[in-house]
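I opened the model to look up its strands and the site of its ligand. My notes follow in the order in which I checked things.

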Amino acid sequence: MISGPGGKGRSTLIRLDKLLTHFGCGTRRQVIDAVRRGRAQVNGKVCCDPAAKVDPEQDEIRFDGTVQSYQKHRYLMMNKPAGVITAVSDRRETVLDLLPESERRGLFPVGRLDRDTEGLLILTTDGQLCHALMSPRRHVEKVYLAGVSGTLAPDAPELFAAGLTLRDGTACRPALLEPAGERDGLALWRITLREGKYHQVKRMVAAVGGHVETLRRVAVGPLELPPGLEPGCSRALTGEELGRLFRQIGTENAPDSHETARKGP
Ligand code: URA
């Protein structure tokens, strides 16, 4: 850490508050406040100066005890197109096949979308994040837009809210079912789940009299599918997005780092 002016020619020096904001530890204002309160450490020593210059490549930066650094894990979001399998390998085309070969190593999808489902899919090398997002104990919300044919029971939203029992006896946790207009002759329903059972949306909709014709996941926890991300494209999560994700699932699983990159199909 360099506290005074000069910096002995180290080219990667950056203000501590700026770096911690970049790592998703909070807004700039929150980080400044947190640093002043002694929540940041540089090379093992508490640093209360938000303007202190640090070298993220060489200094060990901790925030609330957790090391913050670059280049340990990768985190991508993909707009999964229909027609590809959510798996690392398969004889059919997988979501990993949509990435350049050099980028695939170690990545796996967080959870599973059906072959005909589109939308937001997170891919990562971070098993801890994957576990946290999938754990039913965390209640991470997944939001879907379903194009539905047939006529739903008039009390379908209440049945969803009460915790539906599927035709095979599987009990579902309370979920949200909200009308979202109409597209291509299908009623659109916005469905928010806090768990991820096999074909869950399709089976829940079937249990109240409808048939899911199209399905798109539009949000996972605090992350929404960005309008500009075309089907088949992916991009790295930004530091701010990662910060939101890890704040939601609890800081005990916060990653040490992230890496940025951009991809097309
Ligand atoms: N529910 C489904 O039925 N399919 C999906 O792909 C995701 C949720």
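Entry 1, the open sheet. I find four strands in an open sheet, ordered E3-E2-E5-E6, with antiparallel pairing. Strand E3 (45-46) and strand E6 (66-68) are at the edges with a single partner strand each, so one side of each has no neighbour in the sheet. I took helices (H or I, at least four residues) and strands (E, at least two) as DSSP runs, numbered from the N terminus. Two strands pair if DSSP finds at least two bridges between them.

The model is predicted: local features need pLDDT of at least 70, side-chain atom pairs count only at pLDDT 80 or more, and totals for chains, interfaces and linings use all residues. Residues are numbered from 1 along each chain as its sequence is written, and side-chain values use heavy atoms, with hydrogens and water left out.

I then looked at E2 (residues 40-42), which pairs with E3 in the antiparallel sense over two bridges. Opposite Gln41 I find Val46 in E3.

Entry 2, the hairpin. Strand E11 (residues 176-183) runs antiparallel to strand E12 (residues 186-193), and six bridges join them. Leu177 has Ile191 of E12 opposite. Two residues lie between E11 and E12 in this hairpin, and Asp184 in the turn has a positive phi of about 50°.

Which residues are around the ligand? I list Leu113, Asp114, Thr117, Tyr144, His199, Gln200, Val201, Lys202 and Leu215; the criterion is a heavy atom within 4 Å. I sort them into four nonpolar, three polar and two charged. Helix H5 (residues 200-207) gives the most to this shell, with three residues.

For polar contacts I used pairs of N or O atoms within 3.5 Å. A polar side-chain atom of Asp114 is 2.7 Å from a nitrogen atom of the ligand. On the backbone, a polar atom of His199 lies 3.3 Å from an oxygen atom of the ligand, and a polar backbone atom of Gln200 lies 3.4 Å from an oxygen atom of the ligand. The ligand taken alone exposes 240 Å², of which the protein buries 95%; these areas come from the Shrake-Rupley method with a 1.4 Å probe.

Key. A polar contact is a pair of N or O atoms within 3.5 Å; within protein, one must be able to donate a hydrogen and the other to accept it, and residues adjacent in sequence count only if both atoms are side-chain atoms. Ala, Val, Leu, Ile, Met, Phe, Trp, Tyr, Cys and Pro count as nonpolar, Asp, Glu, Lys and Arg as charged, and the others, Gly among them, as polar.
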